[in-house]
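Reader: I have a model open and want to go through it piece by piece. Can you take questions as they come?

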Amino acid sequence: MKKHPKNLDTFQNLQEKNLSFEQVFERIVTFMKLNPIGKFRLMVGTDSQVHRTHTIFITGIVIQNEGKGVWACIRKIVIPRKMTALHERISLELSLTEEIVSMFTEERKSKLIEVVLPYLYQGATFTMEGHIDIGAGKRNKTSEFVKEMVMRIESMGIEPKIKPNAFVASSYANRYTK
């Protein structure tokens with residue numbers, strides 16, 4: 001099996017480049033501590049775009065404090081071939097999402113929960129979601145993969161979201177695949 005591309009471990013957003021996952025995690029903790037009485041959603045999702053000679057995969061990580069803002073970043077992976085098989089591409093998108101989700105170890109998730117824990121009775125919440133760039137509609141080419149992909153995310157212990165609710169994959173990550 002080929003070695004992963006060098007950029008596999010770096011993240012970026014409009015303000016910062018070459019962030020390690022540890023730095024990303026610290027940015028999320030800092031964001032949550034700014035207003036710990038929040039309704040936090042940590043969302044991870046991947047989208048891809050097939051180009052003439054390669055396929056670009058963008059994984060987005062978004063921490064949202066509902067009604068009070070977001071912090072987000074992406075990781076870009078370029079596969080040096082045109083990936084035309086839809087199931088292969090959707091499956092790799094989900095694998096990349098699963099990889100990032102798995103970086104949020106139990107220890108790291110506990111650290112995030114500790115931020116909101118003292119404020120639960122004031123309405124603070126924390127949820128983690130896997131956004132899958134597929135839709136269940138009959139006219140959607142990816143509908144036959146919904147059950148398989150949703151089960152994969154559920155098996156990781158996080159909440160799956162599909163279109164139209166999978167905006168981290170279908171909107172945020174999608175913006176950077178062009």
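Reader: Where is Pro-164 found?

Author: Pro-164 is in the loop between E5 and helix H5 (167-175). Helices (H or I, at least four residues) and strands (E, at least two) are DSSP runs, numbered from the N terminus. This is a predicted model, in which local features need pLDDT of at least 70 and side-chain atom pairs count only at pLDDT 80 or more, while totals for chains, interfaces and linings use all residues. Residues are numbered from 1 along each chain as its sequence is written, and side-chain values use heavy atoms, with hydrogens and water left out.

Reader: Which residue does a cis peptide bond join to Pro-164?

Author: Lys-163, with omega at about 5 degrees. Most peptide bonds are trans.

Reader: What salt bridge does Lys-163 form?

Author: Lys-163 pairs with Asp-133, and the closest N and O atoms are 3.5 Å apart. A salt bridge here is a side-chain nitrogen of Lys or Arg within 4 Å of a carboxyl oxygen of Asp or Glu. The two partners sit in distant parts of the chain, Asp-133 in strand E4 and Lys-163 in strand E5, 30 residues apart.

Reader: And Asp-133, buried or exposed?

Author: Buried, with a relative accessible area of 11%. Lys-163, at 33% relative accessibility, counts as partly exposed. The cut-offs are under 20% relative accessible area for buried, over 50% for exposed, and partly exposed in between (1.4 Å probe, protein chains only).

Reader: How many salt bridges does a search of the whole structure find?

Author: Ten. One of them joins the side chains of Arg-41 and Glu-129 at 2.9 Å, N to O. Arg-41 is in strand E1 and Glu-129 in strand E4, so this pair ties together parts that are 88 residues apart in sequence. Both Arg-41 and Glu-129 are buried.

Reader: Which residue does Glu-98 form a salt bridge with?

Author: Arg-152; their closest N and O atoms are 2.8 Å apart. Glu-98 belongs to helix H2 and Arg-152 to helix H4, so the pair ties together parts that are 54 residues apart in sequence. Both Glu-98 and Arg-152 are buried.

Reader: Stay on H4. Which residues in it are buried?

Author: In H4 (residues 146-154), Val-146, Met-149, Val-150, Arg-152 and Ile-153 are buried. Down the axis of H4, these buried residues fall within an arc of 155 degrees, so they line one face of the helix. The arc is that of the directions from the helix axis to the C-beta atoms.

Reader: What does the face turned away carry?

Author: Lys-147 and Met-151, which are exposed. On the buried side of H4, the cover includes helix H2 (86-103), strand E4 (125-135) and strand E5 (159-163). Contact means heavy atoms within 4.5 Å.

Reader: New topic. Which residues in the largest nonpolar core touch the most other members?

Author: Ile-28, Met-32, Leu-42, Ile-61, Ile-63, Phe-104 and Leu-112, out of 36 residues in that core. The largest share, seven residues, comes from H1. A nonpolar core is a set of buried Ala, Val, Leu, Ile, Met, Phe, Trp, Tyr and Cys residues joined through side-chain atoms within 4.5 Å.

Reader: What does Phe-104 touch?

Author: Leaving out residues up to four places away in sequence, the contacts of Phe-104 are Phe-21, Phe-25, Ile-28, Leu-42, Val-44, Ile-61, Lys-109, Leu-112 and Met-128. There is also a second, separate core of nine residues, and Met-43, Ile-56, Ile-74 and Val-168 are among them.

Reader: Back to single residues. Is Thr-55 buried or exposed?

Author: Buried, with a relative accessible area of 0%. Thr-55 is in strand E2. Its C-alpha atom is separated by 6.6 Å from that of Pro-80, 25 residues apart along the chain.

Reader: And Leu-117, where does it lie?

Author: In the loop between H3 and E4. At 48% relative accessibility, Leu-117 counts as partly exposed.

Reader: Last one. What is the phi of Asn-18?

Author: Near 55 degrees, a positive value in a residue other than glycine. Most residues other than glycine have a negative phi. Asn-18 is in the segment before H1 and, at 60% relative accessibility, counts as exposed.
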